[in-house]
Amino acid sequence: MRKLKKVMKEEYIKDKVYCNRCGKEIKTDFPEQVGNYLSVDKRWGYGSGFDGEYHSFDLCEKCYSEIIEEFKLPPADSRHTD
């Protein structure tokens, strides 16, 4: 027979999101909403300039737009396969 007991578990949830580039708070209606900003999580491979490091950052829509304007090749729209 197994007896169960109730335990409280500490959990972290997203409270606020800030743009790593401009530092402004990114307004979201709900803490889990990710449609209005870019969130990047990257673990770098061994032998790279960031050998084994883990980077995580968020960009607001304005900063993302400014960054992609500098791209030689624009980001692909995965909805179109042309």
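Predicted model: local features only at pLDDT ≥ 70, side-chain atom pairs only at ≥ 80, totals over all residues.

Trainee: Is S48 buried, partly exposed or exposed, then?

Mentor: S48 has a relative accessible area of 27%, so S48 counts as partly exposed.

Trainee: Where is the place of S48?

Mentor: S48 sits in the loop between β3, which spans 37-43, and β4. Its side chain reaches the backbone oxygen of G45 at 2.8 Å.

Trainee: Stepping back, how many helices and strands are there in the protein?

Mentor: The protein has four strands and one helix. Along the sequence, the pattern reads β-β-β-β-α.

Trainee: And what share of the residues count as buried?

Mentor: Of the 82 residues, 10% count as buried. As for contacts between residues at least 6 apart in sequence, 28% of them join residues at least 24 apart.

Trainee: Which residues make up the largest nonpolar core?

Mentor: That core has seven residues: V17, C19, I26, Y37, L59, C60 and C63. In soluble globular proteins, nonpolar side chains tend to be buried together.

Trainee: What does I26 touch, leaving out residues up to four places away in sequence?

Mentor: With those left out, I26 touches V17, Y18, C19, N36, Y37, L59 and C60.

Trainee: Changing topic to D58: where does D58 lie?

Mentor: D58 lies in strand β4, residues 54-60. D58 counts as buried, because its relative accessibility is 18% and the limit for buried is under 20%.

Trainee: Which side chain does a polar contact join to that of D58?

Mentor: The side chain of S39, in a polar contact of 2.8 Å. Not counting residues up to four places away in sequence, D58 touches V17, Y18, C19, N20, Y37, L38 and S39.

Trainee: What about aromatic pairs: how many does a search of the whole structure find?

Mentor: The search finds one. W44 and F50 form a tilted pair, with 4.9 Å centre to centre and 45 degrees between the planes. The pair counts as tilted because planes under 30 degrees apart would be stacked and those over 60 edge-to-face.

Trainee: Are W44 and F50 buried, partly exposed or exposed?

Mentor: W44 is partly exposed at 28% relative accessibility, and F50 is partly exposed with a relative accessible area of 36%.

Trainee: Which residue lies over the face of W44?

Mentor: K42 does, at 5.0 Å from the ring centre.

Trainee: Finally, where is Y12 found?

Mentor: Y12 belongs to the segment before β1, which covers 17-18. Its relative accessible area is 75%, so Y12 is exposed. The side chain of Y12 also makes a polar contact of 3.4 Å with the side chain of E10.

Key
Residues numbered from 1 in each chain as written. Heavy atoms only, no water. Phe/Tyr/Trp six-rings, centres within 6.5 Å; stacked < 30°, edge-to-face > 60°. Buried < 20%, exposed > 50% of the residue type's maximum accessible area, 1.4 Å probe, protein only. Lys NZ or Arg CZ within 6 Å of the ring centre and 35° of its normal. Helix = DSSP H or I, 4+ residues; strand = E, 2+ residues; numbered from the N terminus. Polar contact = N/O pair within 3.5 Å; in protein donor to acceptor, adjacent residues only side chain to side chain. Contact = heavy atoms within 4.5 Å. Core = buried A, V, L, I, M, F, W, Y, C linked by side-chain atoms within 4.5 Å.
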